[in-house]
Amino acid sequence: MPSSAALLQTQAYYSTAWAAAAADPARFWGDYARQFVWRKPWQTVYQADLAKPDIAWFSGAELNITENCLDRWAQLQPDAPALIWEPSHPDDAAKTYTYGQLLSEVTRLAAALRGLGVQRGDRVCIYLPMIPELAFAVLACARIGAVHSVVFGGFSPKSVADRLQDAGAKIVLTATGGHRAGKPIQLKNIVDEALLSCPGVSQVLVLNVPAIPAPMQPGRDLDWATTLADADANQGYAEPMEAEDMLFILYTSGSTGKPKGVVHTCAGYMVWAHFTFTNVFQYQRGQVFFCTADVGWITGHSYLLYGSLLAGATTLMFEGVPTWPTPARFWQVIDRHKVDIFYTAPTAIRSLMAAGDEHLQGADLGSLKVLGSVGEPINEEAWHWYHRNIGKGRCPIVDTWWQTETGGIMISPLAGVTPSIPAHATLPLPGVVPMLIDEHGAEVTGNPAQGNLVIKQAWPGMMRTTYGDHERFRQTYFSAYPGQYFTGDGAMRDADGNYRITGRVDDVINVSGHRIGTAEVENAINAADGVTESAVVGRPHDIKGQGLYAYVVYANPPQDHVVAHAQILAEVTKQIGAIAKPDWIQFVPGLPKTRSGKIMRRILRKIAEGDTANLGDTSTLLDPAVVDAIAQHRLT
Ligand code: WTA
């Protein structure tokens, strides 16, 4: 008989727990947190002043999250598989690490890092492909109390450098290269280029991937295998950390051009990752969990690694992409490893749906019990395709709404326990008290309702600060509605209280489930030769959910549009990475601006969407004629 690790196993109990956590958070979370391994108990479950903001959970406690992810399972179930790694190429062999083996890998790397002088509180940048060493690296940092900052492998040298500088990292963990869709990808040379502007980095630990060699810089670069072999095995012990010590920084895009370092701390994040993993997915002991997100994003942190390991589950890490060598790759991986829970993004679902159902022929998928979706709104067509073709009509879908900032899932069905409704994230988890705010800043009570989504109370997994800039943290999240957390998303609530997330209401766009700040892309475009200014907006895209539509103004109209177009794409790739390349680039004579010089993005969005008949009042514009010129030449 499978045994459930979830606290909330009936809808009635969900409702009771939600009310209890809202009424007395200290009691609810204090009770929940007793199941973890603590070196020292807490004194206060929580203190939170969201107006300041000043947030602390489990103050006074000491713990190490890796003792909860690894040591306790290595004792209870040393031979249970902890991590399965499926390589990019289907003919290469998968690898499995038991809890015992994963603990020893992490301990060895932890010892090596200590041997290199990395100390508690030091920031470590991790720039690795989706290989087991990436998991070891994250956990080894956590073990010695170093703060990991994982940078997604698709970011450019400049993006890596910005993140390294902001975090003040002294060491980078990387590999000579990796694989993407059958092609070798150089990683080390990206780090080399980034480090030209990061004099603070004195050490680079380099994993040698033999098929993709890279030159080493003597005195700075260290070989991974040799360093591990030389390390003192006794130095891999778990550092006792204070509850509110930083666990990691993860950079994400916001409304300004500068990515912000979202800070999560040890205890609250641990409790939230475990609570949300076990309850949302209704995890049963022994199940295999396949999260397709890269560890470079928050979903990879909270569910591919921390949440699943905290629950003692088997987590599957996949180096490849959904469509290579064929669009049947995910289904092969699911069948090969008898995956029980599958968690992916709507973009992947839509692209596999578009590839045609013939790729499902021969796929069994009989092991699946629960399906999840994350990162952007899932449209009804994709939801139904996922439910029918992948879940065979028998697997509940959890449409999980959350953010890098929230640490873990906030609004979601509990698989098979509370109802799944197409395209709805449905109900808030215990600990999450959402509300909707209208355009005048007033709470919209009653149902149905619509407004900006705000969270009223502190929850254990919430971010604690923006690294190095607490004022930015306050300003971004707590100033629109003082004392409350503003998500940046809009939402609707139906007659039964179910939430449906409608999307961002700020200058952040979810492209293929990746967060992109329009200001970052504009900065990059403006760096291209001859460009005076630009504006980037989102436009619905069949596969990506949202695509980027760029309006670009040149000092002198470009002679050759094809060349100018290519230059812009190259500049964006150089400054940010290929993920931020605009899908549409329109050269325009000017941008619609108010008399005070503010770009009217609302109008640009409407034009991009093709809604040129409803541009609203343009009379307040500095130069209304520019709107007609733009609308006439809009790209289809
Ligand atoms: C969007 C990803 C609708 C939302 C975990 C949010 C969603 C942003 C959903 C955060 C969902 C995430 N339905 N929209 N189920 N999940 N989003 O920080 O706009 O990469 O604010 O975290 O993704 O993106 P982030």
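## Terms and model

Contact means that heavy atoms lie within 4.5 Å. This is a predicted model, in which local features need pLDDT of at least 70 and side-chain atom pairs count only at pLDDT 80 or more, while totals for chains, interfaces and linings use all residues. Residues are numbered from 1 along each chain as its sequence is written, and side-chain values use heavy atoms, with hydrogens and water left out.

## Helix H2

Helix H2 spans residues 25-33 (helices are DSSP runs of H or I with at least four residues, strands are runs of E with at least two, both numbered from the N terminus). Its buried residues (under 20% relative accessible area with a 1.4 Å probe, protein chains only) are Pro-25, Phe-28, Trp-29, Gly-30, Tyr-32 and Ala-33. Their cover includes helix H1 (11-23), strands S1 (44-49) and S2 (54-59), and helix H9 (266-280).

## Asp-122

Asp-122 sits in the loop between helix H4 (99-115) and strand S6 (123-127). Asp-122 counts as buried because its relative accessibility is 17%. A polar atom of the Asp-122 side chain lies 2.8 Å from the backbone nitrogen of Gln-119. Leaving aside neighbours within four places in sequence, Asp-122 is in contact with Gly-117, Ala-146, Val-147 and Lys-170.

A polar side-chain atom of Thr-404 lies 2.5 Å from an oxygen atom of the ligand, and a polar side-chain atom of Arg-515 lies 2.8 Å from a ligand oxygen atom. Taken alone, the ligand exposes 530 Å², of which the protein buries 97% (accessible areas come from the Shrake-Rupley method with a 1.4 Å probe; for residues, only the protein chains shown count as cover).

Notes
Polar contact = N/O pair within 3.5 Å; in protein donor to acceptor, adjacent residues only side chain to side chain. Buried < 20%, exposed > 50% of the residue type's maximum accessible area, 1.4 Å probe, protein only.
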